[in-house]
Amino acid sequence: MRISSSILYLGLIPGLWLITCTLILGLPQLRLETFLISPSDAGRAGGLLSIIISTLLILTITLVISVPLASATALAMTYFRRYFLKLSRLLSLSLDVLSAIPSVIFGLFGNVLFVEKLNLGHSILSGGLTLAFMILPTMVRTLESSYHEIEKGYAKTTEALGINFSTFIYQIVFPLGLPALIFATILGMTRAMAETAALLFTSGYSDRMPESVLDSGRSMSVHIYELAMNVPGGDKNAYLTAALLVFILLTINSAITYFGYHLNKRLGIL
Amino acid sequence: MFRLSEWFKLSPLFLAAAITVSVLTLIFIMILSEIQDLASLPAFITFNGLWFPTEGLFDLTPMLLSTLLIAVCALVFSIPISIVQAYWLIFIAKKNGVWSILVKRFIEVFSGFPSVVFGLWGLTEIVPLIAKWTSPGFGLLASAVVLAAMISPYLTLLFEANFLSAPTQLKLVSNSLGITHQKFLFQILIPYSIKRLVQSSALALGRGIGETMAIVMVAGNVVNFPTDFIKPIRTITGAIALEMGYAVDGHRSALFMAGFILLVLSLLIAFLTQDKMEQHDAN
Amino acid sequence: MSTLICERLSASTKNKVIFHDISINFPKNKIHCLIGPSGCGKSTFLLSLNGLIEAHTNIKMRGRVLYQSKDIREFDPINLKRTIATIFQEPSPLPFSIKKNFELPLSEINQNKKEYEEIIFNSLQKVGLWNEVKDMLNQSAFHLSGGQKQRLCLARSLALEPEIILLDEPTSALDPQSTLVIEDLLKELKRTKTIIMVTHNLPQAKRISDTVAFFWWEQCCGRVLEHMNTDIFFSAPTTEQALDYINTQRL
């Protein structure tokens, strides 16, 4: 028993170590101007304003594309699951396969399709679109399971009332699935924020303030990578960015748990 | 089955589903379209260890072996930890106790943590630690440790689900017979759910093979056969991440070939773990 | 005059026959009760009368159900469910406001939103729920009591002006008081609608029904042993099984 409990604690050490060293090394660098000015001297000095703006822009594009696409796909899957089971199996297989593809491959895909073929260049738009396709399978999976539960619960009742399937989908399943949609959106958002590899060759490295979504922009995670790998003496600001990123993700995560609990309670008694 | 108006109203959903399905095909098309000569695949597996893409020498074997070895080593490190954690969470920790909820939340948070932060931590903490023992510190050992720290929370969650799917009577009967935790874990639970555990491990292996950022920051990135724990090595994902920025023509094509091999490798693993999903569907 | 006729109706899954070879006529403007022990296919039979069962399970039907001398398969499936309404055992309001519960099914047949209020008023009036809920039409239907919910479901179906109402043990989840209210309601509705109802409650069947169909599990599947006038059934059943069943229930 002693061996297994020491293995248990050993397993927790890396996580604890990582989070303490990130916060301890990162947070002391935090100043007000971190949020007010853009990085200078390749990121060794200055703040993070342009980085934060780029990150927000990339996230916005990602969610604007992926949320409607994911919820429509999940609703379609609910339909297929009822009337064309074979087709829904095929869809779910392709989602499983898609979610197993490494993010760096999505980066290559985005580089060819958006940067080169669609001629969007290394831009925030390319990065956002790439991430949208990357988080799609996760979001569809999350949504589809809760849509299916709702469908099972109300299918008989609505059919007995002579309600068409389209009305059922749009006016009953979708509104009742809103909590799940929020949950899936937040989940996708955390995955998109944590992603680096897919952005390296799609949204580029530029740390200047983006003027439009067609400008190159550097996300927080790419900033950490650049400072740590390519800028001697950039460690301190890398840790600052990491601490901020970790802080945001922890906040979102706690919010998920909190809202997840309350929204689940609301589900069904809307 | 339906009237035409129904099909019309539902058509946006079908369109979205079609787009989602086509992403997989699109990925293949896009990556293959950048490879100049697919038939040159044998030139990538020559075992001479030379990777000078600008001069037409692209032997992928050292990077392929490094990728696989790092993932396997990380798996070897993390499997015992994850099994113990998963077992603890289900059978030993008090249900809904503060301690068990805290550990569970902690593991959940870390399973989705940014890999670049793991890389930063490895670069500034693990590598110097190994370097104190033997310089330079970058290499297989550092990569495997960082990757293990990264995938073990993920693996714990998978194992937990595997253990939970075992029938509860198993535990009840063992308890009534006075079987110890150790015996129950190694002689009853693991043999019972071995198939699922292997599938979960394969999923984690796939994730390890595809991992880019954490490893590129601690592997040292010199093209070498992974003959030593502390020799700097480079993985396929690392090569793509580092060289895509400036690669042109043949070099770019070689990187896409590397990406294609990586894609096929991870799809292979996804298909091998597939029957688990179908079981799940049938339930 | 019969509105609904079953001709040699059978239902089976891949490896099990649920009921076999049932032929019954359901005359108009009467309450018909389906009784018998659990698991002999009463509910399946009931839901097969408007084709609801085939859409939601892997049960396959054979034989015909004739509505107005036409096979129900020839009707538009969605429309058919409006003419032959279904009320389930568990009260099944949709998780929206009371008003929305009416508006959703109504919007499929009537685009004129101004008429809704009157339809809602009339249907709620019919089930005697108007005075209880008139101030809370915009509140969730989940706040109602079990009996109120079931009456709401009845009113919701009535808003679609059905000809036949199928009820699957509508009162088994309710307290005796609400049960009586629903029973009175059904007697009232009998004047304009045909009612077919599954019940396990023999006194209830005796109280309200005009005819009784007695289901029994025999030779590995559900069958109808008797279908006759309620008074005759309870005073002088022709089969031994029916007599046994009535007697055990009396104890």
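This report walks through a predicted model of a protein complex, looking at its chains, one interface and some of its salt bridges.

For the complex, the predictor gives an ipTM of 0.90 and a pTM of 0.87. Chain C has a mean pLDDT of 87, with 98% of its residues at 70 or more. Within chain C, confidence is highest in strand β8 (residues 194–198), at 93, and lowest in helix α2 (residues 52–56), at a mean of 80.

Let's start with chain A, which has 10 helices and 2 strands. Going from the N terminus, its elements run α-β-β-α-α-α-α-α-α-α-α-α. Its C-alpha trace spans about 70 × 60 × 35 Å along the principal axes. Of its 270 residues, 60% are buried. If you take the contacts in chain A between residues at least 6 apart in sequence, 74% of them join residues at least 24 apart.

Now for chain B, with 12 helices and 2 strands. Its pattern along the sequence is α-β-β-α-α-α-α-α-α-α-α-α-α-α. The C-alpha trace of chain B spans about 75 × 70 × 30 Å along its principal axes. Buried residues account for 52% of its 283 residues. In chain B, 72% of the contacts with a separation of 6 or more are between residues 24 or more positions apart.

**Where A meets B**

Chain B brings 74 residues to the contact, and chain A brings 76. About 6700 Å² is buried between the two chains, and carbon and sulfur atoms give 78% of that area. Leu13(B), Thr20(B) and Trp121(B) supply 9% of the area that chain B buries against chain A, more than any other three residues.

There are also 10 residue pairs in polar contact between chain B and chain A. On the side of chain B that touches chain A, helix α1 (residues 4–33) of chain B gives the most, with 19 residues. The residues on that side of chain B come out as 51 nonpolar, 15 polar and 8 charged.

How many salt bridges does the rule find across this interface? It finds 1. The partners are Glu116(A) and Arg252(B), at 3.8 Å from N to O.

**Salt bridges up close**

Side chains of opposite charge can pair when their charged atoms come close. Over all chains, the structure has 21 salt bridges. Here are four of them, including the one across the interface:

| Residue | Partner | N to O distance |
|---|---|---|
| Glu116(A) | Arg252(B) | 3.8 Å |
| Asp96(A) | Arg141(A) | 3.1 Å |
| Glu34(B) | Arg252(B) | 2.9 Å |
| Glu160(B) | Lys104(B) | 3.6 Å |

Take the pair Glu34(B) and Arg252(B), whose closest N and O atoms are 2.9 Å apart. Glu34(B) sits in the loop between α1 and β1 (51–52) of chain B, and Arg252(B) in helix α11 (residues 249–272) of chain B, so the pair ties together parts 218 residues apart in sequence. Both Glu34(B) and Arg252(B) are buried.

Glu160(B) and Lys104(B) join up at 3.6 Å. Because Glu160(B) lies in helix α5 (residues 140–164) of chain B and Lys104(B) in helix α3 (residues 98–111) of chain B, this pair links parts that are 56 residues apart in sequence. Glu160(B) is buried at 11% relative accessible area, whereas Lys104(B) is partly exposed at 24%. Back in chain A, Arg81(A), Asp96(A), Arg141(A) and Glu144(A) form one network through salt bridges that share partners.

Look for helix α9 (residues 220–230) of chain A, where 9 of the 11 residues are buried. Among them are Met220(A), His223(A) and Glu226(A).

Next, is Asn164(A) buried or exposed? Its relative accessible area is 8%, so Asn164(A) counts as buried. This residue is in the loop between α5 (124–160) and α6 (165–176) of chain A. Its contacts include Arg3(B), Glu6(B), Ile78(C) and Glu108(C). With the side chain of Glu108(C), the side chain of Asn164(A) makes a polar contact at 2.6 Å.

Finally, Ala197(A) is in helix α8 (residues 197–200) of chain A. With a relative accessibility of 1%, Ala197(A) is buried. The residues it touches include Ser103(A), Val104(A) and Gly107(A), plus Thr212(B) and Met213(B).

Definitions and conventions: Residues are numbered from 1 along each chain as its sequence is written. Chains are lettered from A and ligands numbered from 1 in the order in which they are written. Side-chain values use heavy atoms; hydrogens and water are left out. pLDDT is the predictor's confidence in each residue, from 0 to 100. Helices (H or I, at least four residues) and strands (E, at least two) are DSSP runs, numbered from the N terminus. Contact means heavy atoms within 4.5 Å. Buried area is the accessible area (1.4 Å probe) that two parts lose on being put together, summed over both. A salt bridge is a side-chain nitrogen of Lys or Arg within 4 Å of a carboxyl oxygen of Asp or Glu. A polar contact is a pair of N or O atoms within 3.5 Å; within protein, one must be able to donate a hydrogen and the other to accept it, and residues adjacent in sequence count only if both atoms are side-chain atoms. Ala, Val, Leu, Ile, Met, Phe, Trp, Tyr, Cys and Pro count as nonpolar, Asp, Glu, Lys and Arg as charged, and the others, Gly among them, as polar. Buried means under 20% relative accessible area, exposed over 50%, partly exposed in between (1.4 Å probe, protein chains only). Lists of a residue's contacts leave out its neighbours within four places in sequence.
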